[in-house]
Amino acid sequence: MDEKFIDSVVFDLDGVITDTAHYHFLAWREMAREISIDIDEVFNERLKGVSRMASLELILQQGNRQKDFTLIEKEAMAEKKNLHYCQFLKGLTAKDILPGIMELIAAIKNEGIPIGLASVSRNASTVLKALQLENAFDYVVDASKVKKSKPDPEIFLTACNRLAANPNRSIGIEDASAGIDSIKASEMFAVGVGNTLYKSDYQVDATKQLNWEVIKTEYMNWRNQQTVKVMH
Ligand code: B16
Ligand code: MG
């Protein structure tokens, strides 16, 4: 296959490159407990890919306490959660890169295709540094570079734009429902990591199943279907 048919590949960070999604959950659960709200891993699926303050609002709604706190109190709660989360990050090393990710990055780079990173986390650069991946991506879009969080397309569109890539000829890889929505709103090909990401164009259960040859085949099938749609 002619790899020039793919302009770029844009990765999510938390939950795709490394399992920090779980650390976010542990830190939110601890904070929520302090205000007598219980959250579990099923509820946590709704927090993935969602910004810090929007995550807090979802937790408060879950406990029916959305009107109980002032903005200053909410900011203090979010800060507390973040301090807890950052404690987990102290132990993060290159060994925490999820299985299959380095092989996938190498295979894409081997074909000269630019790669980007799209994370709404304000801790993205700390995480990339801890994983020794700060120079791995051709362009990184984090919370400091966008106004709107996922599921808005802004973050993936910004990544494509900065990589001089046409979104319709680009691939996004995500573990969150909000992230898949962001990729699809960008009109990119969506690869989902997780078994509930029904809107993905191609889905795997875990990162170790991310095989570049298979992804390219699925992408080409998707593009061919688009061409047929345009012709009709
Ligand atoms: P922070 P991603 C997202 O990162 C996480 O999935 C989400 O759970 C978190 O609330 C959000 O970053 C904000 O993170 O509190 O570190 O700014 O999946 O877009 O890489
Ligand atoms: Mg994620």
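Which of the 17 residues around ligand 1 come nearest? They are Val50, Ser119, Ser121, Arg122 and Asn123, where being around the ligand takes a heavy atom within 4 Å of it.

## Ground rules

This is a predicted model, so local features need pLDDT of at least 70 and side-chain atom pairs pLDDT 80 or more, while totals for chains, interfaces and linings use all residues. Residues are numbered from 1 along each chain as its sequence is written, chains are lettered from A and ligands numbered from 1 in the order written, and side-chain values use heavy atoms, without hydrogens or water.

## Holding the ligand

Ser121 puts a polar side-chain atom 2.6 Å from an oxygen of ligand 1. Gly49 uses a backbone N or O atom, 2.8 Å from a ligand oxygen, and for Arg52 a side-chain N or O atom lies 2.8 Å from one. On its own, ligand 1 exposes 460 Å², and the protein buries 98% of that (Shrake-Rupley areas, 1.4 Å probe).

As for make-up, the shell has four nonpolar, six polar and seven charged residues, with Gly counted as polar and Asp, Glu, Lys and Arg as charged.

## Two domains

The chain is assigned domain 1 (3-19 + 94-231) and domain 2 (21-89), with bounds from an automatic or database assignment. Their C-alpha centres are 26 Å apart. Across the boundary, 15 residues of domain 1 are in contact with 14 of domain 2, contact being heavy atoms within 4.5 Å.

Back at ligand 1, each of the two domains gives at least three residues to the shell.

How values were computed:
Polar contact = N/O pair within 3.5 Å; in protein donor to acceptor, adjacent residues only side chain to side chain.
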